[in-house]
Amino acid sequence: MISENGLKVLERRYLAKNEEGKLIETPEGLFKRVSSFIASADKIYEPDKDISELEKKFYDIMYNLDFLPNSPTLMNAGRELGQLSACFVLPVEDSMEGIFDAIKHAAIIHKSGGGTGFSFSRLRSKGSSVNSTGGVASGPISFMKVFNSATEAVKQGGVRRGANMGILRVDHPDILEFIQCKKNDKEITNFNISVGITEKFMEAVEKDEEYELIEPHTKKVKGKLKAREVFDLIVDMAWNNGEPGIIFLDRMNRDNVVPELGEIESTNPCGEQPLLPFESCNLGSINLVNCIKDNGIKKEIDFDKLGDLVDTAVHFLDNVIDVNKYPLEKIDEMTKKTRKIGLGVMGFADMLINLGIPYDSEDAIETAESVMSFINERSKQASAKLAELRGAFPAFEKSIYANKSMKLRNATTTTIAPTGTISIIAGVSSGIEPLFAVSFIRNVMDNDELPEVNPLFEKVAKERGFYSVELMRKIAKMGSVRHIEEIPEDVRRVFATAHDIDPIWHIRMQAMFQKYTDNAVSKTVNFRKEATREDVREVYMLAYKLGCKGVTIYRDGSRESQVLNIGAVN
Ligand code: ADP
């Protein structure tokens with residue numbers, strides 16, 4: 001059953017409307033539209049196949065909120081626009097044509113509800129010479145501002161704001177300016193920014209050495225910086241307002257399935273999907289809350305159901321690639337070479353609560369391992385099964401899998417997406433994040449405020465007999481239940497919220513999911529307002545040591561407008 005908030009989101013953004021803005025589609029109609037359209041891809045491989053059973057399967061997993069594809073698929077499948085992917089990476093070449101081509105391409109993608117990632121690392125540094133005019137280059141950061149304004153102007157026809165990721169390598173000569181470019185909250189607002197960290201840099205940080213800055217177009221050494229000072233500046237800025245994040249570029253390239261096709265320079269906007277230039281990827285997430293069964297004694301994970309869902313979801317996402325209308329010919333071409341898909345999860349924290357496991361416990365980390373290793377393995381089997389009929393992804397022979405006996409239909413199968421909107425539709429906790437609060441105000445869709453009390457908590461409070469309106473108010477005000485004595489100890493422990501949880505547990509959880517995820521993991525490590533720079537630094541180093549592909553942190557109250565607010569629901 002779709003919750004009231006879920007319905008609101010669907011009505012606002014997803015259901016078809018007529019010219020007067022009146023709804024002409026129901027949620028059932030949406031799932032029907034999407035399932036028939038996506039199932040129709042089977043006809044490409046088996047023209048005579050009766051796809052009604054598959055349509056029903058796809059319909060059921062969405063209608064039951066067991067699985068949802070990323071927003072553009074829900075919005076656009078079977079409609080004129082037809083653009084189904086959430087994630088794109090575009091190259092930014094070191095030339096006027098190159099720069100403005102990228103802006104144009106980004107505008108086209110934003111119009112269709114997709115997000116774009118860019119690396120600005122190829123652009124020559126500020127002040128370096130421009131041969132054709134005899135002038136001097138203005139550098140990556142000034143061009144980022146142009147990208148930002150273009151995004152602002154497009155705003156995706158009121159459906160979705162444009163979202164961008166901007167990346168600069170740590171050895172770019174303009175790195176210090178980049179690290180500080182979002183110091184002021186009001187600048188470059190349509191970008192998330194991350195510093196592309198190299199192994200060389202991290203070694204220099206550890207040994208407290210200098211590292212070289214390289215001018216991209218000449219490959220000459222332009223200067224040197226003390227690695228620790230740069231690292232500390234990143235930490236300082238992130239502590240200040242959450243940006244920049246960091247991504248470990250060399251690590252992403254170590255997992256680049258087809259290095260021959262190019263180097264990974266950037267991720268999509270929320271960081272979970274590293275891609276080659278001009279690649280796109282479509283994501284989908286399984287709702288783990290719906291994968292729990294009662295064995296008569298206690299609740300446990302229903303691996304049979306989870307396995308079936310993985311099989312159907314992989315089939316679904318592979319079909320999306322074939323019926324997708326790509327915004328550019330080049331993207332169509334690149335995407336179909338590797339056929340990357342990103343299956344992930346949502347409702348992980350809610351699942352733990354249902355199982356009675358606190359998020360910040362060894363038990364939770366083990367649960368993450370058993371769930372994600374299962375999904376990862378099963379998704380490979382499902383992809384291999386598709387390859388038997390449809391063939392391996394076209395770049396397979398050039399890929400790192402070429403000598404393996406198992407052919408895969410998809411170069412990657414797993415990604416942990418933020419599930420910002422689809423988790424609201426499903427009415428569960430987002431991605432692998434802990435509950436943000438037991439009661440909170442969510443600012444979505446341009447400041448529309450939706451007060452929410454966690455339904456699981458309300459249920460438990462009523463069942464255990466400690467529910468009262470007064471208590472709910474108190475919790476809403478405090479955000480956390482950990483220190484409210486009227487609430488039984490075990491309940492307080494299990495309903496841990498993001499700020500109750502030590503940042504170290506956040507990172508350990510991210511690292512465990514990363515271990516079994518081909519692409520990357522979207523995760524924000526939440527810090528309390530009082531956290532120090534040293535706390536942030538420690539988490540960054542730990543993320544590096546534990547094999548994460550990037551880190552995003554956020555210290556409560558450090559930005560004027562934050563998406564989630566702990567606050568009273570009066
Ligand atoms: P959803 O829940 O809507 O499917 P997610 O929150 O999981 O989306 O985000 C997945 C990816 O979708 C992001 O990393 C980004 O690439 C893209 N995306 C998210 N929000 C936007 C937006 N407002 N505009 C453009 N792209 C977006």
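**The ligand shell and three protein sites**

The shell around the ligand is made up of eight nonpolar, 11 polar and three charged residues; here Ala, Val, Leu, Ile, Met, Phe, Trp, Tyr, Cys and Pro count as nonpolar, Asp, Glu, Lys and Arg as charged, and the others, Gly among them, as polar. The model is predicted, so to speak of local features pLDDT of at least 70 is needed, side-chain atom pairs count only at pLDDT 80 or more, and totals for chains, interfaces and linings use all residues. Residues are numbered from 1 along each chain as its sequence is written, and side-chain values use heavy atoms, with hydrogens and water left out.

In total, 22 residues surround the ligand, a residue being counted when one of its heavy atoms lies within 4 Å. The closest are S71, R161, N268, T419 and G420. From N268, a polar side-chain atom lies 2.8 Å from an oxygen atom of the ligand. The backbone takes part in such pairs as well: a backbone N or O atom of A86 is 3.1 Å from a ligand oxygen, and a polar backbone atom of G115 is 3.2 Å from a ligand nitrogen. Of the 560 Å² of accessible area that the ligand has on its own, the protein covers 91% (Shrake-Rupley method, 1.4 Å probe).

Turning to the protein itself, N324 lies in the loop between α12 (303-323) and α13 (329-338); helices (H or I, at least four residues) and strands (E, at least two) are DSSP runs, numbered from the N terminus. N324 counts as buried because its relative accessibility is 6%, the cut-off being under 20% relative accessible area (1.4 Å probe, protein chains only). Its side chain reaches the backbone nitrogen of L84 at 2.8 Å. Neighbours within four places in sequence aside, N324 is in contact (heavy atoms within 4.5 Å) with G82, Q83, L84 and S85.

The C-alpha atoms of N519 and T413 are 8.0 Å apart, although 106 residues separate them along the chain.

Finally, strands β8 (residues 210-214) and β9 (residues 221-226) pair in the antiparallel sense over five bridges (pairing requires at least two bridges found by DSSP). L213 stands opposite G223 in β9.

Terms used. Polar contact = N/O pair within 3.5 Å; in protein donor to acceptor, adjacent residues only side chain to side chain. Buried < 20%, exposed > 50% of the residue type's maximum accessible area, 1.4 Å probe, protein only.
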